[in-house]
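Welcome, and thanks for taking a look at this one with us. Below is a short tour of some local features to follow on screen.

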Number of protein chains: 2
Amino acid sequence: MTTTTSSSTAAASSSSLTSAPFRASPLFFHPLPASHVPLPGKEAHGSYMLQVPWSKTSGWGQAKIVPRADISIDPLSGVTQYAVTCFEGMKCYKTESGELTLFRPNENFNRFKVSAARMGLPSDWDNAELLDLLCKLLALEAPIVPSEDGASLYIRPTLIETSESFGIKEDGNAGEALMYIVTTLNLGKGLYASSEKAETGLRVDADPNYVRAWSNGTGKYKVGANYGVVNIAKKPGFQMSLWLHGSEDFVSEAGAMNVFILKEASDGVLEFVTMSLDNGIVLPGITRASIISLLKDHASGKKEFPLEGVPKNIRVVERDIPMKDIMDGAEDGSLKGMFGCGTGVVVVSIREIQYRGRLISIPYHPVVKILRDTITGIQRGRIEKEDWVVKVPKWQGVVNGEKEAEGQKVIA
Amino acid sequence: MTTTTSSSTAAASSSSLTSAPFRASPLFFHPLPASHVPLPGKEAHGSYMLQVPWSKTSGWGQAKIVPRADISIDPLSGVTQYAVTCFEGMKCYKTESGELTLFRPNENFNRFKVSAARMGLPSDWDNAELLDLLCKLLALEAPIVPSEDGASLYIRPTLIETSESFGIKEDGNAGEALMYIVTTLNLGKGLYASSEKAETGLRVDADPNYVRAWSNGTGKYKVGANYGVVNIAKKPGFQMSLWLHGSEDFVSEAGAMNVFILKEASDGVLEFVTMSLDNGIVLPGITRASIISLLKDHASGKKEFPLEGVPKNIRVVERDIPMKDIMDGAEDGSLKGMFGCGTGVVVVSIREIQYRGRLISIPYHPVVKILRDTITGIQRGRIEKEDWVVKVPKWQGVVNGEKEAEGQKVIA
């Protein structure tokens, strides 16, 4: 099935000249027949997708939850020509009691807005309405959300310019756009999966010939343009690239993760050092922010770290990290560990860096596994942190007490 | 109509394990009925598009010339998620004798290959085969190619990753891709159009808060990621942005043009100064290279400039251009002019720059119009430069001497 990006539903629902706001209801829902079998190669995907069209003239169109399908766009659309696209990465977890949960979804939605505005895409949606729609989509996928530790249903909200983006425009804003959310199974068997990976760690390659982001660029936004352009930096035998920039080969991110080094400072304090957000080069990661928050509360005595084993004598430092720091620390023993963090990896050790013809070995620090177990524990409901966890209400596309087995239905 | 990116035709045409090469023949051609009327909003587009699918396992699929239609892609495809896309900009002209011509198409195809390789997209096509296909597409559009001065049929070759680009990949290369070419009328009535624009010139805004490209980034490649991310830099009242980078606000490009300043050097020579290609920040423009070639031949005495009026005492200089140079030159009178050049604009004066709270007026130099008239003269066959002009052979989808009025036909 092919879906279109027409905004006719938006126009129909608003006869005035004012732009229609983003609304979760009425929702157009197209249930799959019970006999539905996924297409070959698509077995790992959720069966449904959310779509909300937008146009400059009529605003947001009607939200639709429809069977997952290809999207249909003009060959001169902004997304195909000029990379006018941004996205988010989220996960849905199943707790031991069978409930579905999300981790800090509002943080993702806020960052999604910032990215959208940077690309000239609409960003005026109501996060509560979007969360309502996302929860309905996830509720439909509940049977396939894995309950194994480390596994989840990965969620990819995306916003693309579907209108022609061509020649000189009056301003830099999109004319028509499509927000969509698709899901895909993350069975926890890959690179990022098991808790052990926190220990065994990744081998990364730092090649100064590929600079991912720079000052006054788009490093801090989650836009497609930051990712595809550095695909070819990937070296065989290394799981990902460590991104460098500037005259001193400063470390920004690794793959699509934020990066921390663990360093014993001259005063004996164990420092968690990560790049500052100030110059806009690194993504303001939600896992990054969560780890910093937990560590700062622990260091200040405001709140003990949720799991035992984190030293009391620690400090979070946000600053530039020149590669020389890492090399010197590896040599003099002050470098105690290094890890990446993000929605995909959660927390994972980095154990080796290839850099300008040498291999730098990084020690493993046990706090990395504690950080990982804490974040996953919160996400899966084993560690209580209510303000960071959102429960997904049950919903089965029921209308007037009766579920549509097949066909199409608009639900108020 | 919706077309798919299936590579089944490629698989069918090659039963061996070797990857199929890019071939102009056999061509799948789907003629439009004589009664065809363009869809609303698409009147300015060519009626047909060329599509050639590719996959890592089977290579290039069969080339198709089909009615222009939306393309259908997976919501997790590389182009929608990670901006895995590159393109070219070309024009088809109609000479006074009614022939269709292209300007240095091989230069575009070579740059297209370089961009594709940078994005991990296939780049092993044969340029002669691609030119054959493009000429067939253009021959079908011959009736709508405008013959007015300044007008043309704009050509947009595009290459996108259609496969899922998600999670950790073994290497940074695409799994499946689609090359397509669409065309759109350029009636010569817009910003870039008339010869007079060479004189009246553009107002540009130079905002250091938006850096388009940097060393070891993708500035020199024609990839979508360079364009959409700076859309919002556009200021009202200014036709385009002047892109700056580095500690001294060096000028790289303006909008999607290369930039030259005209400066009277201390030895009295009129210098044509443009940014060097060495650090990879600016696009190696074909109009830029053509102008440099003509000017160097003229300056060295190897070949007179095609049109009269270009001073003998000139020099082409490729170097960084700090904004201070422009400001100082505007003040002391050594700055004699400034222009942008590219396929879209051809050659156009820049008459004013907004920069850090001031407006800098740039004088107009008559050589700008001579450059423009020379390039357009060559493109439209008024000035002879055979090695730069390719004539498009006539073709009407004729098979065995008989044209299919409607329906589908594979042509050997």
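In which loop is Asp249(A) found? Asp249(A) is found in the loop between β13 (240–245) and β14 (250–254) of chain A. Please keep in mind that this is a predicted model.

**Backbone geometry**

- Most residues other than glycine have a negative phi, and most peptide bonds are trans.
- Asp249(A) has a positive phi, near 50 degrees, although it is a residue other than glycine. Its relative accessible area is 8%, so Asp249(A) is buried.
- In chain B, Arg104(B) also has a phi near 50 degrees, a positive value in a residue other than glycine. Arg104(B) belongs to the loop between β9 (100–103) and α3 (105–118) of chain B, and with a relative accessible area of 17% it is buried.
- Ser25(A) and Pro26(A) are joined by a cis peptide bond, with omega near 0 degrees; Pro26(A) lies in the loop between α1 (8–13) and β2 (27–29) of chain A.
- The bond between Ser25(B) and Pro26(B) is cis, with omega about 0 degrees, and Pro26(B) sits in the loop between α1 (8–13) and β2 of chain B.

**Aromatic rings**

- Over all chains, the whole structure holds 21 aromatic pairs.
- One of them is Phe103(A) with Trp388(A), an edge-to-face pair at 5.8 Å centre to centre and 90 degrees between the planes. Phe103(A) is in strand β9 (residues 100–103) and Trp388(A) in the loop between α8 (367–379) and β21 (389–391) of chain A, so the pair ties together parts 285 residues apart in sequence. Both Phe103(A) and Trp388(A) are buried.
- Phe29(B) and Tyr48(B) have ring centres 5.8 Å apart and planes at 40 degrees, so this pair is tilted. Both Phe29(B) and Tyr48(B) are buried.
- Phe22(A), Trp60(A), Phe112(A) and Trp125(A) make up one aromatic cluster.

**Charges over rings**

- Lys136(A) lies over the face of Trp395(A), 5.6 Å from the ring centre.
- In chain B, the charged end of Lys136(B) sits over the ring of Trp395(B), 5.6 Å from its centre.

**Helix packing**

- Helices α3 (residues 105–118) and α4 (residues 127–140) of chain A pack at about 120 degrees, with axes 10 Å apart, which makes α3(A) oblique to α4(A).
- The crossing of α3(A) past α4(A) is right-handed.
- Contact residues include Phe109(A) and Lys113(A) of α3(A), and Leu130(A) and Leu134(A) of α4(A).

Note on methods
Residues numbered from 1 in each chain as written. Chains lettered and ligands numbered in written order. Predicted model: local features only at pLDDT ≥ 70, side-chain atom pairs only at ≥ 80, totals over all residues. Heavy atoms only, no water. Phe/Tyr/Trp six-rings, centres within 6.5 Å; stacked < 30°, edge-to-face > 60°. Helix = DSSP H or I, 4+ residues; strand = E, 2+ residues; numbered from the N terminus. Buried < 20%, exposed > 50% of the residue type's maximum accessible area, 1.4 Å probe, protein only. Lys NZ or Arg CZ within 6 Å of the ring centre and 35° of its normal. Axes fitted to C-alpha atoms, helices over the stretch in contact; angles between N-to-C directions. Parallel < 35°, antiparallel > 145°, perpendicular 65-115°, else oblique. Left-handed = near helix turned anticlockwise from the far one by under 90°. Contact = heavy atoms within 4.5 Å.
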